[in-house]
Amino acid sequence: MSEDFYSALGVSRDAGEDEIKQAYRKKAAEYHPDVSDDPNADEKFKKVKKAKEVLLDDEKRRMYDQMGHERFAEAEKRGATDADRGAGGMGGMGGAGGMGGMNDIFEQFFGGGGSRSRSGPRQGSDLKTRLRIDLGDAYEGVTKQLTVTRPERCPDCDGAGHPPDADSRTCSACNGQGQRTTVRQTPLGRVQQTETCSQCGGEGTIHSETCSTCRGDGQVRNEATLQVEVPAGIREGQTLRMEREGAPGENGGPNGDLLVEIRIDDHELFERDGDDLRRRHPVSFPQAVFGDTVEVPTLDGTVEMDVPAGTQSGETFRLQGKGMPRLQRRGYGDMYVQVRIVTPEALNEEQREALEAFAEAGGEDIDVEQGFFEKLKQSF
Ligand SMILES: [Zn+2]
Ligand SMILES: [Zn+2]
């Protein structure tokens, strides 16, 4: 049995964050492979680094305390302590979008979990993955197929980790209790601490055979294809919770959930700003001078927009209700169309003459009236 993380760092089991960090710095300096003469320095350095990582992560520390060193190490090997890897190696998650009051389907990540009893039914861990959609999907809402590789209850032993007919005996390390209690004398009195038995993994029973399919884990990794309902109006970074589609529970506990973070591809015609859309729309110089009706694309077909006579380049017009649907509410945001006057790059003879005549008719310089710059500023 290898040394546990607390003794690797030389801290007590109730050590706080600062104590752990301090202990780590001391040990890391001692075992750093560049400075240490110890032949096992490399291994020891990795060990204290690992110990610090686990003990400073509240969720992992809780798991570690519950499972004990050996079981935690095993669980980590198959990715069960790290929900990101559990969901098919899709990489780390960014921050989730903040959403109030929609707890049933949206939830920010607070590490998941919740309180678990030690040897009773235990809920499986939540898994995380990502789903990429385009802006049109976000506008209309969409049902997408999502394939994830995730741990599932082993079908051959039904999660037990051993064949149903395997001989079993009571674990001698814990007398079948599944946990071991230690009592320490401290200046504040007796402190009792209960840990999951590392010999039997908390089951209280040792079996003569392990399941060959799952090697005793009770879990296998399988690819699953799921249907995800993405609601209209969803925003970049928001998370959908698929209940009971996460890692299997233990001892008859329910599965965890699968959290699907939504990523939305940029659109070539529109920029999203909350529930509003923004677009730059080109008009010609004569259109801006004389006014015109132009066709503007939206996510729901083309609409007509009036460009009034005398429109300046950069002026913005609002198309009410032509933005994104408001998630779980009525109505739509707006579309803001910023008009850009396009200067022609090549002119034919007739155009050149007309423009020269235009310039002559108005004098050499463009006559900028008072207030023009004010108006221009407001339009940005
Ligand atoms: Zn099995
Ligand atoms: Zn035991």
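How many bridges join β1 to strand β9, and how do the two strands run? In this predicted model, 7 bridges join β1 to β9 (residues 258-264), and the two strands run parallel.

**The chain as a whole**

The chain has 380 residues, of which 26% count as buried. Its secondary structure comes to 10 helices and 15 strands. Among contacts between residues at least 6 apart in sequence, 64% join residues at least 24 apart.

**A sheet of three strands**

Strands β1, β9 and β8 form an open sheet, in the order β1-β9-β8, with mixed pairing. The edges are taken by β1 (127-133) and β8 (239-242); each has a single partner strand, so one side of each is left without a neighbour in the sheet. On average, neighbouring strands of this sheet are turned by 30 degrees against each other, direction ignored. One bridge can be followed residue by residue: Arg132 has Arg263 in β9 as its bridge partner. Strands of a sheet pair through backbone hydrogen bonds, either parallel or antiparallel.

**A hairpin**

The antiparallel case is found in β12 (residues 292-298) and β13 (residues 301-307), which are joined by 7 bridges. A hairpin of 2 residues links β12 to β13. Asp292 stands opposite Val307 in β13, and Val294 has Met305 in β13 as its bridge partner.

**Two helix pairs**

Two packed helices are described by the angle between their axes and the distance between the axes. The table gives these values for two pairs.

| Helix pair | Axes come within | Crossing angle |
|---|---|---|
| α4 (residues 58-67) and α5 (residues 69-77) | 6 Å | roughly 125 degrees |
| α2 (residues 17-31) and α3 (residues 41-56) | 9 Å | roughly 170 degrees |

The angle of roughly 125 degrees between α4 and α5 makes α4 oblique to α5. The crossing of α4 past α5 is right-handed. On the α4 side the contact is made by Met63, Tyr64 and Met67, and on the α5 side by Arg71, Phe72 and Ala75.

Why are α2 and α3 described as roughly antiparallel? Their axes cross at roughly 170 degrees, and angles over 145 degrees count as roughly antiparallel, so the term applies to α2 and α3. Here the crossing is left-handed. From α2, the residues Glu17, Ile20, Tyr24, Lys27, Ala28 and Tyr31 take part in the contact. They meet Ala41, Lys44, Phe45, Val48, Lys49, Lys52, Leu55 and Leu56 of α3. An α-helix has 3.6 residues a turn, so residues three or four places apart point the same way.

Is helix α9 well covered or hardly covered? It is hardly covered: among the 13 residues of α9, the count of buried residues is 0. Helix α9 spans residues 349-361 and reaches 18 Å from its first C-alpha to its last. That length is close to the 18 Å expected at 1.5 Å a residue.

Definitions and conventions
Residues are numbered from 1 along each chain as its sequence is written. Chains are lettered from A and ligands numbered from 1 in the order in which they are written. This is a predicted model: local features need pLDDT of at least 70, side-chain atom pairs count only at pLDDT 80 or more; totals for chains, interfaces and linings use all residues. Helices (H or I, at least four residues) and strands (E, at least two) are DSSP runs, numbered from the N terminus. A residue is buried if 20 or more other C-beta atoms lie within 10 Å of its own, exposed if 12 or fewer, and partly exposed in between; C-beta atoms are placed from the backbone. Two residues are in contact if their C-beta atoms, placed from the backbone, lie within 7 Å. Two strands pair if DSSP finds at least two bridges between them. Axes are lines fitted to C-alpha atoms, for helices over the stretch in contact, and angles run from 0 to 180 degrees between N-to-C directions. The expected span of a helix is 1.5 Å times one less than its number of residues. Angles under 35 degrees count as roughly parallel, over 145 as roughly antiparallel, 65 to 115 as roughly perpendicular and the rest as oblique. A crossing is left-handed if the near helix is turned anticlockwise from the far one by less than a right angle, and right-handed if clockwise.
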